[in-house]
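Here is a short note to read beside the model. Please keep the sequence open as you go.

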Amino acid sequence: MGHHKTVWSNPADLIRHLQPEDPVMVFAPTALQERARQFLDGFPGLVTYAVKSNPDEAVIQNLVTAGIRGFDVASPFEIDLIGRMAPQAARHYHNPVRARSEIAHAVQAGITSWSVDSRSELEKLFEMVPTRVGDQGVEISPRFKLPVLGAVYDFGSKFGATPELAAELLGLVAERGYIPSLTFHPGTQCVDPIAWESYIRVAREICDMAGVPARRLNVGGGFPSHRVAGVDPDLGAIFSEIADTVAESFGDDAPALVCEPGRGLCADAFSLITRVKGIRDGASIFLNDGVYGGLAELPIVGNLDRIEVLTPQGRPRDAERSGRVIFGPTCDSVDRLPGELGMPADIAEGDYVIFHGAGAYSTVTNTRFNGFGAMTNATVLSLG
Ligand SMILES: *Cc1c(COP(=O)(O)O)cnc(C)c1O
(Lines give C-alpha, C1' and ligand atoms only; values in the text may rest on other atoms or scores of the structure.)
Protein backbone atom coordinates (compact mmCIF):
# COMPACT_ATOMS: atom_id res chain seq x y z
CA MET A 1 0.00 0.00 0.00
CA GLY A 2 1.39 3.40 -0.95
CA HIS A 3 1.75 6.07 1.67
CA HIS A 4 1.25 9.81 1.07
CA LYS A 5 4.10 11.68 2.73
CA THR A 6 2.23 14.95 3.30
CA VAL A 7 0.23 15.29 6.51
CA TRP A 8 -3.18 16.80 5.68
CA SER A 9 -5.38 18.83 8.04
CA ASN A 10 -8.38 16.57 7.48
CA PRO A 11 -9.98 14.39 4.79
CA ALA A 12 -11.51 17.42 2.98
CA ASP A 13 -8.07 19.01 2.72
CA LEU A 14 -6.66 15.83 1.15
CA ILE A 15 -9.55 15.56 -1.32
CA ARG A 16 -9.22 19.20 -2.39
CA HIS A 17 -5.50 18.79 -3.10
CA LEU A 18 -5.29 15.27 -4.51
CA GLN A 19 -8.71 14.33 -5.89
CA PRO A 20 -7.59 10.69 -5.52
CA GLU A 21 -8.91 8.07 -7.97
CA ASP A 22 -8.16 5.15 -5.64
CA PRO A 23 -9.48 4.63 -2.10
CA VAL A 24 -7.47 6.37 0.62
CA MET A 25 -7.41 5.24 4.26
CA VAL A 26 -6.66 8.27 6.40
CA PHE A 27 -5.26 7.91 9.90
CA ALA A 28 -5.35 10.45 12.73
CA PRO A 29 -2.65 9.40 15.24
CA THR A 30 -3.94 11.91 17.80
CA ALA A 31 -7.37 10.23 17.76
CA LEU A 32 -5.77 6.83 18.33
CA GLN A 33 -3.64 8.06 21.22
CA GLU A 34 -6.64 9.74 22.81
CA ARG A 35 -8.69 6.53 22.61
CA ALA A 36 -5.77 4.55 24.04
CA ARG A 37 -5.62 6.89 27.02
CA GLN A 38 -9.38 6.50 27.52
CA PHE A 39 -8.86 2.73 27.85
CA LEU A 40 -5.74 3.09 30.02
CA ASP A 41 -7.47 5.54 32.39
CA GLY A 42 -10.85 3.80 32.45
CA PHE A 43 -10.33 0.05 32.25
CA PRO A 44 -9.68 -1.53 35.68
CA GLY A 45 -6.74 -3.70 34.58
CA LEU A 46 -4.16 -4.31 31.84
CA VAL A 47 -5.08 -3.08 28.36
CA THR A 48 -3.68 -5.16 25.50
CA TYR A 49 -4.27 -4.48 21.80
CA ALA A 50 -5.65 -7.21 19.51
CA VAL A 51 -3.15 -6.83 16.68
CA LYS A 52 -5.28 -8.56 14.03
CA SER A 53 -7.76 -5.68 13.86
CA ASN A 54 -5.14 -3.38 12.32
CA PRO A 55 -1.46 -4.40 12.38
CA ASP A 56 -0.21 -1.22 10.66
CA GLU A 57 3.14 -0.27 12.17
CA ALA A 58 1.97 3.33 12.63
CA VAL A 59 -0.88 1.97 14.78
CA ILE A 60 1.43 -0.14 16.95
CA GLN A 61 3.89 2.75 17.29
CA ASN A 62 1.25 5.26 18.38
CA LEU A 63 -0.29 2.80 20.84
CA VAL A 64 3.11 2.22 22.43
CA THR A 65 3.65 5.99 22.61
CA ALA A 66 0.28 6.38 24.32
CA GLY A 67 1.28 3.80 26.95
CA ILE A 68 -0.14 0.47 25.73
CA ARG A 69 2.10 -2.24 27.16
CA GLY A 70 0.48 -5.48 26.03
CA PHE A 71 -0.65 -7.10 22.80
CA ASP A 72 -2.93 -9.99 21.87
CA VAL A 73 -1.13 -11.88 19.11
CA ALA A 74 -2.36 -14.89 17.14
CA SER A 75 0.42 -15.93 14.75
CA PRO A 76 4.22 -16.07 14.47
CA PHE A 77 4.02 -12.98 12.22
CA GLU A 78 2.22 -10.96 14.92
CA ILE A 79 4.54 -12.30 17.63
CA ASP A 80 7.58 -11.10 15.69
CA LEU A 81 5.98 -7.78 14.71
CA ILE A 82 5.42 -6.87 18.36
CA GLY A 83 8.76 -8.36 19.42
CA ARG A 84 10.42 -5.96 17.01
CA MET A 85 8.28 -2.87 17.62
CA ALA A 86 7.60 -3.14 21.35
CA PRO A 87 10.26 -5.46 22.81
CA GLN A 88 9.26 -4.68 26.41
CA ALA A 89 5.55 -5.33 25.90
CA ALA A 90 3.65 -8.44 27.03
CA ARG A 91 2.50 -10.72 24.21
CA HIS A 92 -0.51 -12.92 24.90
CA TYR A 93 -0.68 -15.75 22.38
CA HIS A 94 -4.46 -16.12 22.24
CA ASN A 95 -5.16 -18.39 19.34
CA PRO A 96 -6.30 -21.62 20.98
CA VAL A 97 -5.34 -23.94 18.11
CA ARG A 98 -1.69 -23.90 16.99
CA ALA A 99 0.55 -26.02 14.81
CA ARG A 100 3.51 -27.51 16.66
CA SER A 101 5.80 -25.33 14.53
CA GLU A 102 3.90 -22.25 15.74
CA ILE A 103 4.20 -23.34 19.38
CA ALA A 104 7.94 -23.87 18.91
CA HIS A 105 8.24 -20.38 17.37
CA ALA A 106 6.39 -18.80 20.30
CA VAL A 107 8.46 -20.68 22.90
CA GLN A 108 11.59 -19.44 21.16
CA ALA A 109 10.19 -15.88 21.27
CA GLY A 110 9.68 -16.16 25.04
CA ILE A 111 5.85 -16.09 25.12
CA THR A 112 4.54 -16.46 28.68
CA SER A 113 0.76 -16.27 28.18
CA TRP A 114 -1.31 -18.78 26.21
CA SER A 115 -4.99 -19.58 25.80
CA VAL A 116 -6.53 -22.99 25.10
CA ASP A 117 -10.00 -24.46 24.60
CA SER A 118 -9.50 -28.21 24.25
CA ARG A 119 -7.76 -31.18 25.87
CA SER A 120 -5.84 -32.01 22.68
CA GLU A 121 -4.32 -28.53 22.34
CA LEU A 122 -3.57 -28.31 26.07
CA GLU A 123 -1.68 -31.59 25.80
CA LYS A 124 0.47 -30.04 23.03
CA LEU A 125 1.27 -27.07 25.29
CA PHE A 126 2.18 -29.42 28.18
CA GLU A 127 4.60 -31.24 25.86
CA MET A 128 6.27 -28.17 24.40
CA VAL A 129 5.94 -25.16 26.75
CA PRO A 130 8.10 -24.80 29.89
CA THR A 131 6.36 -23.74 33.13
CA ARG A 132 8.82 -20.90 33.59
CA VAL A 133 10.70 -18.47 31.35
CA GLY A 134 13.57 -16.94 33.32
CA ASP A 135 12.05 -15.79 36.59
CA GLN A 136 8.54 -15.58 35.15
CA GLY A 137 5.85 -18.20 35.49
CA VAL A 138 3.97 -19.21 32.35
CA GLU A 139 0.23 -18.60 32.22
CA ILE A 140 -2.30 -20.79 30.44
CA SER A 141 -5.86 -19.49 30.21
CA PRO A 142 -8.70 -21.81 29.26
CA ARG A 143 -11.07 -19.92 26.97
CA PHE A 144 -14.77 -20.51 27.52
CA LYS A 145 -17.92 -19.53 25.64
CA LEU A 146 -21.56 -18.89 26.29
CA PRO A 147 -24.45 -18.51 23.88
CA VAL A 148 -24.02 -15.11 22.21
CA LEU A 149 -25.50 -12.08 23.96
CA GLY A 150 -25.26 -8.45 22.93
CA ALA A 151 -22.66 -8.94 20.17
CA VAL A 152 -23.23 -8.52 16.47
CA TYR A 153 -21.01 -11.43 15.53
CA ASP A 154 -20.68 -14.80 17.23
CA PHE A 155 -17.03 -15.69 17.82
CA GLY A 156 -18.18 -18.56 20.05
CA SER A 157 -19.02 -20.66 17.01
CA LYS A 158 -15.31 -21.25 16.43
CA PHE A 159 -13.52 -21.01 19.77
CA GLY A 160 -14.32 -21.59 23.42
CA ALA A 161 -14.85 -24.54 25.75
CA THR A 162 -18.06 -25.14 27.64
CA PRO A 163 -17.80 -23.96 31.26
CA GLU A 164 -17.51 -27.62 32.38
CA LEU A 165 -14.60 -28.32 30.05
CA ALA A 166 -12.98 -24.98 30.97
CA ALA A 167 -13.10 -26.04 34.63
CA GLU A 168 -11.44 -29.35 33.79
CA LEU A 169 -8.72 -27.55 31.77
CA LEU A 170 -8.19 -24.98 34.56
CA GLY A 171 -7.63 -27.81 37.03
CA LEU A 172 -5.08 -29.49 34.74
CA VAL A 173 -3.22 -26.20 34.15
CA ALA A 174 -2.83 -25.65 37.92
CA GLU A 175 -1.84 -29.27 38.55
CA ARG A 176 0.95 -29.06 35.96
CA GLY A 177 2.46 -25.96 37.59
CA TYR A 178 1.40 -23.27 35.14
CA ILE A 179 -0.34 -20.06 36.23
CA PRO A 180 -4.08 -20.77 35.95
CA SER A 181 -6.11 -17.96 34.38
CA LEU A 182 -9.32 -17.67 32.37
CA THR A 183 -10.24 -15.87 29.19
CA PHE A 184 -13.25 -15.25 26.99
CA HIS A 185 -14.12 -13.07 24.01
CA PRO A 186 -17.73 -11.89 24.07
CA GLY A 187 -18.00 -11.18 20.32
CA THR A 188 -17.34 -7.96 18.47
CA GLN A 189 -19.01 -4.53 18.59
CA CYS A 190 -20.81 -5.34 21.87
CA VAL A 191 -22.77 -2.18 22.57
CA ASP A 192 -24.48 -3.65 25.63
CA PRO A 193 -22.37 -4.41 28.75
CA ILE A 194 -24.55 -7.46 29.37
CA ALA A 195 -22.17 -9.28 27.00
CA TRP A 196 -19.47 -9.13 29.70
CA GLU A 197 -21.65 -9.54 32.78
CA SER A 198 -22.79 -13.09 32.15
CA TYR A 199 -19.27 -14.20 31.18
CA ILE A 200 -17.77 -12.77 34.37
CA ARG A 201 -20.36 -14.54 36.53
CA VAL A 202 -19.67 -17.84 34.78
CA ALA A 203 -15.90 -17.31 35.23
CA ARG A 204 -16.54 -17.39 38.97
CA GLU A 205 -18.54 -20.62 38.62
CA ILE A 206 -15.72 -22.21 36.60
CA CYS A 207 -13.20 -21.39 39.37
CA ASP A 208 -15.55 -22.94 41.93
CA MET A 209 -16.10 -26.07 39.81
CA ALA A 210 -12.33 -26.49 39.39
CA GLY A 211 -11.51 -25.55 42.99
CA VAL A 212 -8.84 -23.29 41.47
CA PRO A 213 -8.85 -19.49 41.74
CA ALA A 214 -7.93 -17.81 38.45
CA ARG A 215 -4.92 -15.52 38.79
CA ARG A 216 -6.13 -13.33 35.93
CA LEU A 217 -9.35 -12.94 34.00
CA ASN A 218 -9.09 -11.69 30.43
CA VAL A 219 -12.42 -10.17 29.41
CA GLY A 220 -11.57 -10.18 25.70
CA GLY A 221 -12.25 -7.54 23.12
CA GLY A 222 -15.61 -6.60 21.69
CA PHE A 223 -15.56 -2.98 22.88
CA PRO A 224 -17.67 -1.03 20.41
CA SER A 225 -16.54 1.71 18.06
CA HIS A 226 -18.67 4.56 16.79
CA ARG A 227 -20.37 2.98 13.76
CA VAL A 228 -23.79 4.51 13.79
CA ALA A 229 -24.42 8.26 13.52
CA GLY A 230 -25.74 9.72 16.76
CA VAL A 231 -25.09 6.57 18.82
CA ASP A 232 -21.66 7.01 20.36
CA PRO A 233 -21.00 3.95 22.56
CA ASP A 234 -20.32 4.64 26.22
CA LEU A 235 -17.02 2.89 27.02
CA GLY A 236 -17.00 4.30 30.55
CA ALA A 237 -20.31 2.55 31.32
CA ILE A 238 -18.89 -0.75 30.05
CA PHE A 239 -15.73 -0.37 32.16
CA SER A 240 -17.78 0.30 35.32
CA GLU A 241 -20.12 -2.59 34.61
CA ILE A 242 -17.12 -4.92 34.26
CA ALA A 243 -15.56 -3.65 37.51
CA ASP A 244 -18.86 -3.92 39.40
CA THR A 245 -19.63 -7.43 38.16
CA VAL A 246 -16.13 -8.65 39.05
CA ALA A 247 -16.40 -7.15 42.54
CA GLU A 248 -19.84 -8.67 43.01
CA SER A 249 -18.90 -12.14 41.73
CA PHE A 250 -15.42 -12.55 43.21
CA GLY A 251 -15.40 -10.28 46.26
CA ASP A 252 -11.97 -10.28 47.90
CA ASP A 253 -10.35 -12.90 45.66
CA ALA A 254 -10.89 -11.06 42.44
CA PRO A 255 -8.47 -12.01 39.66
CA ALA A 256 -6.42 -9.27 38.01
CA LEU A 257 -8.20 -8.10 34.88
CA VAL A 258 -6.97 -7.89 31.30
CA CYS A 259 -8.81 -6.74 28.18
CA GLU A 260 -7.86 -7.09 24.53
CA PRO A 261 -9.73 -4.54 22.42
CA GLY A 262 -9.09 -4.40 18.68
CA ARG A 263 -11.89 -2.44 17.05
CA GLY A 264 -12.55 -0.36 20.19
CA LEU A 265 -9.02 1.04 20.04
CA CYS A 266 -8.30 1.45 16.33
CA ALA A 267 -11.54 1.82 14.35
CA ASP A 268 -12.40 5.45 15.10
CA ALA A 269 -8.88 6.70 14.34
CA PHE A 270 -9.38 6.06 10.61
CA SER A 271 -11.68 7.18 7.82
CA LEU A 272 -11.95 5.61 4.40
CA ILE A 273 -12.21 7.99 1.46
CA THR A 274 -13.96 6.41 -1.53
CA ARG A 275 -15.08 7.97 -4.82
CA VAL A 276 -18.33 7.76 -6.76
CA LYS A 277 -17.54 6.08 -10.10
CA GLY A 278 -21.02 6.41 -11.41
CA ILE A 279 -24.66 6.70 -10.44
CA ARG A 280 -26.49 4.24 -12.63
CA ASP A 281 -29.42 6.02 -14.25
CA GLY A 282 -29.83 8.15 -11.16
CA ALA A 283 -30.38 5.17 -8.86
CA SER A 284 -27.70 2.86 -7.43
CA ILE A 285 -24.32 4.34 -6.53
CA PHE A 286 -21.09 2.62 -7.58
CA LEU A 287 -18.02 3.38 -5.42
CA ASN A 288 -14.37 2.61 -6.10
CA ASP A 289 -14.24 0.43 -2.97
CA GLY A 290 -16.49 -2.24 -1.54
CA VAL A 291 -16.73 -5.54 0.28
CA TYR A 292 -13.58 -6.96 -1.34
CA GLY A 293 -11.68 -3.87 -0.20
CA GLY A 294 -11.79 -1.62 2.83
CA LEU A 295 -15.47 -2.32 3.51
CA ALA A 296 -15.05 -6.10 3.82
CA GLU A 297 -16.76 -6.56 7.15
CA LEU A 298 -19.88 -4.47 6.57
CA PRO A 299 -21.98 -7.45 5.42
CA ILE A 300 -21.03 -9.25 8.67
CA VAL A 301 -21.05 -6.45 11.24
CA GLY A 302 -23.48 -4.01 9.60
CA ASN A 303 -23.18 -0.70 7.81
CA LEU A 304 -20.94 2.11 8.88
CA ASP A 305 -23.33 4.96 8.62
CA ARG A 306 -21.14 7.83 9.81
CA ILE A 307 -20.83 8.99 6.26
CA GLU A 308 -19.94 12.33 4.73
CA VAL A 309 -20.21 13.16 1.05
CA LEU A 310 -17.91 15.86 -0.35
CA THR A 311 -17.52 17.41 -3.77
CA PRO A 312 -14.09 17.16 -5.47
CA GLN A 313 -13.50 20.68 -4.08
CA GLY A 314 -14.01 19.29 -0.56
CA ARG A 315 -17.39 20.96 0.04
CA PRO A 316 -20.04 18.93 1.90
CA ARG A 317 -23.15 17.77 0.06
CA ASP A 318 -25.87 18.59 2.53
CA ALA A 319 -29.14 17.97 0.71
CA GLU A 320 -31.67 15.79 2.46
CA ARG A 321 -30.68 12.14 2.66
CA SER A 322 -32.54 9.09 1.50
CA GLY A 323 -31.72 5.38 1.27
CA ARG A 324 -29.65 4.32 -1.75
CA VAL A 325 -28.20 1.00 -2.86
CA ILE A 326 -24.38 1.11 -2.83
CA PHE A 327 -22.22 -1.21 -4.93
CA GLY A 328 -18.47 -1.74 -4.91
CA PRO A 329 -16.32 -1.71 -8.07
CA THR A 330 -15.96 -5.45 -8.78
CA CYS A 331 -18.19 -7.46 -11.10
CA ASP A 332 -19.24 -9.80 -8.28
CA SER A 333 -22.84 -9.36 -7.19
CA VAL A 334 -21.84 -9.94 -3.54
CA ASP A 335 -19.99 -6.62 -3.78
CA ARG A 336 -22.81 -4.55 -2.34
CA LEU A 337 -23.17 -2.84 1.04
CA PRO A 338 -25.97 -4.24 3.19
CA GLY A 339 -29.44 -2.77 2.74
CA GLU A 340 -29.42 0.88 1.83
CA LEU A 341 -27.39 3.83 3.06
CA GLY A 342 -28.65 7.38 3.54
CA MET A 343 -27.08 9.55 0.83
CA PRO A 344 -27.67 13.26 0.10
CA ALA A 345 -30.00 13.83 -2.88
CA ASP A 346 -27.39 16.02 -4.63
CA ILE A 347 -24.63 13.34 -4.65
CA ALA A 348 -22.92 13.30 -8.07
CA GLU A 349 -20.43 11.29 -10.08
CA GLY A 350 -16.88 12.13 -8.98
CA ASP A 351 -17.94 13.00 -5.41
CA TYR A 352 -16.17 11.48 -2.42
CA VAL A 353 -17.94 9.32 0.16
CA ILE A 354 -16.07 9.21 3.49
CA PHE A 355 -16.75 6.34 5.88
CA HIS A 356 -15.69 7.37 9.39
CA GLY A 357 -14.69 4.75 11.94
CA ALA A 358 -13.25 2.42 9.28
CA GLY A 359 -9.93 1.45 10.90
CA ALA A 360 -10.70 -2.10 12.07
CA TYR A 361 -10.72 -5.21 9.87
CA SER A 362 -10.39 -3.09 6.73
CA THR A 363 -6.77 -2.46 5.71
CA VAL A 364 -5.92 -6.09 6.51
CA THR A 365 -8.80 -7.58 4.56
CA ASN A 366 -8.37 -5.36 1.48
CA THR A 367 -7.92 -7.60 -1.59
CA ARG A 368 -6.90 -6.96 -5.20
CA PHE A 369 -9.89 -8.94 -6.53
CA ASN A 370 -10.78 -7.99 -10.12
CA GLY A 371 -7.79 -5.61 -10.20
CA PHE A 372 -9.29 -3.14 -7.71
CA GLY A 373 -8.18 -2.37 -4.14
CA ALA A 374 -5.24 -0.06 -4.88
CA MET A 375 -5.77 1.58 -1.50
CA THR A 376 -3.24 4.15 -0.28
CA ASN A 377 -2.61 5.52 3.22
CA ALA A 378 -2.40 9.07 4.45
CA THR A 379 -2.04 10.85 7.76
CA VAL A 380 -4.34 13.65 8.91
CA LEU A 381 -4.31 15.95 11.93
CA SER A 382 -8.00 15.37 12.50
CA LEU A 383 -10.79 13.37 10.91
CA GLY A 384 -13.44 16.10 11.10
C1 LIG B 1 -10.37 -10.58 17.40
C2 LIG B 1 -10.13 -10.78 18.83
C3 LIG B 1 -10.16 -9.68 19.71
C4 LIG B 1 -10.50 -8.29 19.28
O5 LIG B 1 -11.86 -8.19 18.98
P6 LIG B 1 -12.53 -6.76 18.77
O7 LIG B 1 -13.96 -7.05 18.57
O8 LIG B 1 -11.88 -6.16 17.57
O9 LIG B 1 -12.27 -5.96 19.99
C10 LIG B 1 -9.86 -9.91 21.03
N11 LIG B 1 -9.57 -11.15 21.48
C12 LIG B 1 -9.54 -12.22 20.67
C13 LIG B 1 -9.21 -13.53 21.24
C14 LIG B 1 -9.82 -12.07 19.33
O15 LIG B 1 -9.81 -13.13 18.52
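1. Start with helix H9. In H9, the buried residues are Leu235, Ile238, Phe239, Ile242, Thr245, Val246, Ser249 and Phe250. Buried means under 20% relative accessible area, exposed over 50%, and partly exposed in between, with a 1.4 Å probe and protein chains only. These residues cover an arc of only 135 degrees around the axis, so they sit on the same side of H9. The arc is taken from the directions from the helix axis to the C-beta atoms.

2. A word on the source. This is a predicted model, where local features need pLDDT of at least 70, side-chain atom pairs count only at pLDDT 80 or more, and totals for chains, interfaces and linings use all residues. Residues are numbered from 1 along each chain as its sequence is written, and side-chain values use heavy atoms, with hydrogens and water left out.

3. Check the length of H9. Helix H9 has 16 residues (235-250), which should span 22 Å at 1.5 Å a residue; its end C-alpha atoms are 22 Å apart, which agrees. The expected span is 1.5 Å times one less than the number of residues. Helices (H or I, at least four residues) and strands (E, at least two) are DSSP runs, numbered from the N terminus.

4. Look at the ends. Aspartate 234 caps the N-terminal end of H9, with a side-chain oxygen 3.3 Å from the backbone nitrogen of glycine 236. Glycine 251 follows H9 and has a positive phi, near 55 degrees.

5. What do the buried residues of H9 pack against? They pack against helix H2 (29-42), H8, strand E12 (216-218) and strand E13 (256-259). Contact means heavy atoms within 4.5 Å.

6. Valine 219 touches residues including Phe43, Trp196 and Ile242, not counting residues up to four places away in sequence.

7. Is serine 225 buried or exposed? Serine 225 counts as buried, because its relative accessibility is 1%. Serine 225 is in the loop between E12 and H9. Among the residues that serine 225 touches are Gln189, Arg263 and Asp268, not counting residues up to four places away in sequence.

Methods. Polar contact = N/O pair within 3.5 Å; in protein donor to acceptor, adjacent residues only side chain to side chain.
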